[in-house]
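Welcome! Please have a look at the sequence and the model before reading on.

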Amino acid sequence: IKVAPSNIDLLVSFGRAARTANGGQDTAESLAALRKALVLAPNNIEALWYVGGAEAAAGDKDAALTLWRRALKTLPDNSPDRAEFETRIKTLEAAKP
């Protein structure tokens, strides 16, 4: 990442590797890499998924919903990922006060 800080694939791969090394839980480093990936590629599905999840876990439901809705706009109707995003969005919307 230090050699190619604008390489989206490396940022996302680093985020995935850091999360895996931490037992499947995000770390500050994994989220920082994924957030940077979103700056460079705002519609990266994996980054939208995990950063949205981190926002939801931190209590920022609006930020999570914004990210997950952006993902839905970019996913084709027949994408297998679409249903999971829709479910998470509905769950989070129902939990909003």
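Predicted model: local features only at pLDDT ≥ 70, side-chain atom pairs only at ≥ 80, totals over all residues.

## A word on handedness

When two helices pass each other, the crossing is called left-handed if the near helix is turned anticlockwise from the far one by less than a right angle, and right-handed if it is turned clockwise.

## Helices α3 and α5

Let us begin with α3 and α5, whose crossing is left-handed.

Which residues bring the two together? From α3 come Ile45, Trp49 and Ala56, and they meet Glu84, Phe85, Arg88 and Leu92 in α5. Sorted by class, this contact has 5 nonpolar residues, 2 charged ones and no polar ones.

## Helices α4 and α5

Helix α5, residues 82-95, also meets helix α4, residues 61-74: the axes come within 10 Å and cross at roughly 155°. Since angles over 145 degrees count as roughly antiparallel, α4 is roughly antiparallel to α5. Here, too, the crossing is left-handed.

On the α4 side, the contact is made by Lys61, Ala64, Leu65, Trp68, Arg69, Ala71 and Leu72. On the α5 side, you will find Arg82, Phe85, Glu86, Arg88, Ile89, Leu92, Glu93 and Ala95. The contact of α4 with α5 holds 9 nonpolar and 6 charged residues, with no polar ones.

## A cluster of rings

Now for the aromatic side chains. A pair of aromatic rings is described by the distance of the centres and the angle of the planes. How many aromatic pairs does the model have? The count comes to 2. One of them joins Trp49 and Trp68, with 6.2 Å from centre to centre and 35° between the planes, a tilted arrangement. This pair links distant parts of the chain, as Trp49 sits in helix α3 and Trp68 in helix α4, 19 residues apart.

Trp49 also pairs with Phe85: the ring centres are 5.0 Å apart and the planes stand at 90°, so this pair is edge-to-face. Because Trp49 lies in helix α3 and Phe85 in helix α5, the pair ties together parts that are 36 residues apart in sequence. Through these ring pairs, Trp49, Trp68 and Phe85 are linked into a cluster.

Trp68 is buried at 2% relative accessibility, and Trp49 is buried with a relative accessible area of 18%. Phe85 is buried as well.

Arg19 belongs to helix α1, which spans residues 8-21. With a relative accessible area of 5%, Arg19 is buried. Setting aside neighbours within four places in sequence, Arg19 is in contact with Gly24, Gln25, Asp26, Ser30, Leu34, Glu46 and Tyr50. The C-alpha atoms of Arg19 and Glu29 are separated by 8.8 Å, and the two residues are 10 residues apart along the chain.

Glu55 is part of helix α3, residues 45-57. Glu55 is buried too, with a relative accessible area of 15%. Not counting residues up to four places away in sequence, Glu55 touches Arg35, Asp60, Ala63, Ala64 and Leu67.

Key: Residues numbered from 1 in each chain as written. Heavy atoms only, no water. Helix = DSSP H or I, 4+ residues; strand = E, 2+ residues; numbered from the N terminus. Buried < 20%, exposed > 50% of the residue type's maximum accessible area, 1.4 Å probe, protein only. Contact = heavy atoms within 4.5 Å. Axes fitted to C-alpha atoms, helices over the stretch in contact; angles between N-to-C directions. Parallel < 35°, antiparallel > 145°, perpendicular 65-115°, else oblique. Nonpolar A, V, L, I, M, F, W, Y, C, P; charged D, E, K, R; others polar. Phe/Tyr/Trp six-rings, centres within 6.5 Å; stacked < 30°, edge-to-face > 60°.
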